[in-house]
Structures are given as structure tokens and as C-alpha cells.
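Have a look at the sequence and the model below.

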Amino acid sequence: MSHTGSIQHEHAGHDDHGGLAKYIYVFFALCFLTTLSFLTYSEYWPQSLADASVKRMFMMAVSC
């Protein structure tokens, strides 16, 4: 069996991984979540949720 045949056989079992669109969706989701984390300590964060423990819990939820 030739070297090329074995390479094709190894890759034959791989499924399509979703292409570029999946990476773009993940990129925008991470940008959105990073923005939410940043806003936690900005002046745009609601004063009713200004307690430090609430901010930390929100950032942990976003991180998870």
C-alpha cells in the first residue's frame, strides 16, 4: 500500500468539523461574554447590582 493510501485511510473516519462558521460563532460568543465581564466593573453596571459579591458571582457565571 502506498503512503498516500494510508493517509487517505486515516482521514476517512473524520467527520466534517463544521468549517469556518463554527469558529466565527465561537469568536463572537467569546467577544460578547468578555464584554459582559468588562461591563461588570464599569459605570454602565446597574447600581442595584453594585454589590461586589454580585459582580463576582456574575463574572464566575459568565466564565463557566
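Is C31 buried or partly exposed? C31 is partly exposed, with a relative accessible area of 33%. This is a predicted model, and the values here are computed from it.

**Cysteines**

C64 is exposed, at a relative accessible area of 83%. How many disulfides does the model have? The count comes to 0 disulfides. The cut-off matters here: a disulfide requires a pair of cysteine sulfur atoms within 2.5 Å.

**Overall make-up**

The protein chain has 3 helices and 0 strands. From the N terminus on, the order of elements is α-α-α. Of the chain's 64 residues, 9% count as buried.

**The α2 and α3 contact**

Now to the pair of helices. The axes of α2 and helix α3 (residues 52-63) come within 10 Å. They cross at roughly 170 degrees. Angles over 145 degrees count as roughly antiparallel, and α2 and α3 are therefore roughly antiparallel to each other.

Which residues meet in this contact? From α2 come L33, L36, S37 and T40. From α3 come K55, F58, M59 and V62. The residues of this contact divide into 5 nonpolar, 2 polar and 1 charged.

S37 lies in helix α2, which spans residues 19-40. Is S37 buried or exposed? S37 is buried because its relative accessible area is 16%, and the cut-off for buried is under 20%. Leaving aside residues up to four places away in sequence, S37 touches M59 and V62. Both M59 and V62 are on the α3 side of the helix contact.

M60 also has its place in helix α3. M60 is exposed, with a relative accessible area of 52%; the cut-off for exposed is over 50%. How far apart are M60 and S37 in sequence and in space? They are 23 residues apart in sequence. In space they are 9.0 Å apart, C-alpha to C-alpha.

**Exposure at a glance**

| Residue | Relative accessible area | Class |
|---|---|---|
| C31 | 33% | partly exposed |
| S37 | 16% | buried |
| M60 | 52% | exposed |
| C64 | 83% | exposed |

Definitions and conventions:
Residues are numbered from 1 along each chain as its sequence is written. This is a predicted model: local features need pLDDT of at least 70, side-chain atom pairs count only at pLDDT 80 or more; totals for chains, interfaces and linings use all residues. Side-chain values use heavy atoms; hydrogens and water are left out. Buried means under 20% relative accessible area, exposed over 50%, partly exposed in between (1.4 Å probe, protein chains only). Helices (H or I, at least four residues) and strands (E, at least two) are DSSP runs, numbered from the N terminus. Contact means heavy atoms within 4.5 Å. Axes are lines fitted to C-alpha atoms, for helices over the stretch in contact, and angles run from 0 to 180 degrees between N-to-C directions. Angles under 35 degrees count as roughly parallel, over 145 as roughly antiparallel, 65 to 115 as roughly perpendicular and the rest as oblique. Ala, Val, Leu, Ile, Met, Phe, Trp, Tyr, Cys and Pro count as nonpolar, Asp, Glu, Lys and Arg as charged, and the others, Gly among them, as polar.
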